[in-house]
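Work through the exercises below with the sequence and the model side by side. Try each task on your own before reading its solution.

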Amino acid sequence: MATSYMDFTLPTTQFTYDLSNNPLFKKDEHNYINALSVKQLNTLGDSSLLDIFLSAGNVVEPHIHQNAAELVYCTSGAAVVSLINPFTNELLHFPITPGQTANVPQGWWHYEVATADHTHLLAIFDAPVPEAIFGSDILRLTPAKVLAHTYCLDEHKVQEALAPIQKTVIIGPPKDCKTQVAPASNPMPNVGPNLQPNIEPVNIPPSIKPNIEPKIEHIAQPNMQPNLQPNIQPNIEPNVQPNMQPNMPPYVNRLPHWGTWVDPRIIHEPGCPYYSEIPVQLNSDDKA
C-alpha cells in the first residue's frame, strides 16, 4: 500500500461498502459488473476491484488498463483469460476455475470468456481507480476511412461491419445482437460436427485388396469425398490433420479475431504444444 494521507480520525472514514450499490455495467440479470475503488471506500489505498458475473459464452470485451495490472480470481464457474504478450506477439489463453488466478500486466490487451454459467470473477487492481480503454471504443471512434486506408480494406465494408457498434460494449455480445453464432461444440477446428464422414463402401478389386486393407482405416479423413474410386493409393499417410498446409505458421498466429468467442476446447487444436482441455487442474508452478 502506498503512503496514505488519510486522516483516520475523521468521522468520514469508510471501512466497509456494498458493491451492489455501485454497478459499472449491467447486460442482464446474469451478466453484470460492480466496481469498488477509493471513490467508494476512502480508506482503500492503492487497490480496487471489479466484481464480475457472467453466464457461459459471455465476454468481458477486449481492453487494456493503462494505469494498473489486473489479477483475475475465479470464485465460481469457469473462464478463459486471454491476453496478448507484447514482447512475443503471442495470443495466450489461461483457463481458470474456482481457486485459480490469471495475471494481466499493466497495459496488456486482454479479455475474459465465461465457459460455464454462474461464473464469478474478481478482478483486483493495483490502482485506486482502474482506467480502461475498450476495443469497442477503438473500433467505433476510429474513422472507417483511416482503418480502411491503414490496413488496405474496403471502406464501405468497414463501415458496414462496424456500424452496429454504437456504444461501449463491456460485456458482449450485446443483448440486441442478431448475428451471434452459437459457440462451437466441436473439439477440433476446421472440421464439421460429423467427425466420421459418410463414405460409401468401396468396391476394391481382389488384385489390390490385400495391399490396401492394412491402411483402409486411414482413408476416412474428414475432408475426403464419398464414393472413392478403386484406384486408391495404398500408402496414404496416417494422422494427417485436415486443412493443414505445409510450412504453416504456429497455430498461435491463426487464432480467432479479438473478441470472437470460441469454445475453449478449440482454442488450440490437438497436436499444438499449448493445447489443453478445460477445466484444467494447474500444477503449483502454473498457479504461481
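Buried means under 20% relative accessible area, exposed means over 50%, and partly exposed lies in between, with a 1.4 Å probe and protein chains only. The model is predicted, so that local features need pLDDT of at least 70 and side-chain atom pairs count only at pLDDT 80 or more, while totals for chains, interfaces and linings use all residues. Residues are numbered from 1 along each chain as its sequence is written, and side-chain values use heavy atoms, with hydrogens and water left out.

**Exercise 1. The chain as a whole**

Task: State how many helices and strands the chain has, and what percentage of its residues count as buried.

Solution: Begin with the DSSP runs, in which helices (H or I) need at least four residues and strands (E) at least two, numbered from the N terminus. By this rule the chain has five helices and twelve strands. Next, turn to burial: of the 288 residues, 34% count as buried. Then take the contacts, meaning heavy atoms within 4.5 Å; among those between residues at least 6 apart in sequence, 69% join residues at least 24 apart. Finally, the accessible surface, from the Shrake-Rupley method with a 1.4 Å probe and, for residues, only the protein chains shown as cover, comes to about 17,700 Å², and 55% of that area belongs to carbon and sulfur atoms.

**Exercise 2. The surroundings of Lys27**

Task: Find out which side chain of opposite charge is nearest to Lys27, and which residues Lys27 touches.

Solution: First locate Lys27, which is found in strand E1 (residues 23-28). For charge, Lys and Arg count as positive and Asp and Glu as negative, whereas His and the chain ends are not counted. A salt bridge requires a side-chain nitrogen of Lys or Arg within 4 Å of a carboxyl oxygen of Asp or Glu. Lys27 is buried yet has no salt bridge, and the nearest side chain of opposite charge, that of Asp28, is 5.1 Å away.

Next, look for polar contacts, which are pairs of N or O atoms within 3.5 Å; within protein, one atom must be able to donate a hydrogen and the other to accept it, and residues adjacent in sequence count only if both atoms are side-chain atoms. The side chains of Lys27 and Asn58 are joined by such a contact of 2.5 Å, and the side chain of Lys27 also reaches the backbone oxygen of Pro173 at 2.5 Å. Leaving aside residues up to four places away in sequence, Lys27 touches Asn58, Ile171, Gly172, Pro173, Pro174 and Lys175.

Last, examine Pro173 itself, which is found in the loop between strand E12 (171-172) and helix H4 (209-212). The peptide bond leading from Gly172 to Pro173 is cis, with omega near -5°.

**Exercise 3. The salt bridges**

Task: Determine how many salt bridges a search of the whole structure finds, and describe the residues that take part.

Solution: The search finds two salt bridges. In one of them, the side chains of Lys26 and Glu29 meet at 3.0 Å, N to O, and both Lys26 and Glu29 are exposed. In another, the side chains of Asp137 and Arg140 meet at 2.8 Å, N to O. Asp137 and Arg140 both lie in helix H1 (residues 135-141), three residues apart, which is about one turn of the helix. Asp137 counts as buried because its relative accessibility is 17%, whereas Arg140, at 32%, is partly exposed.

**Exercise 4. Positive phi angles**

Solution: Take Asn89 to begin with, whose phi is near 55°, a positive value in a residue other than glycine. Then consider Cys152, which has a positive phi of about 55° although it is not a glycine.
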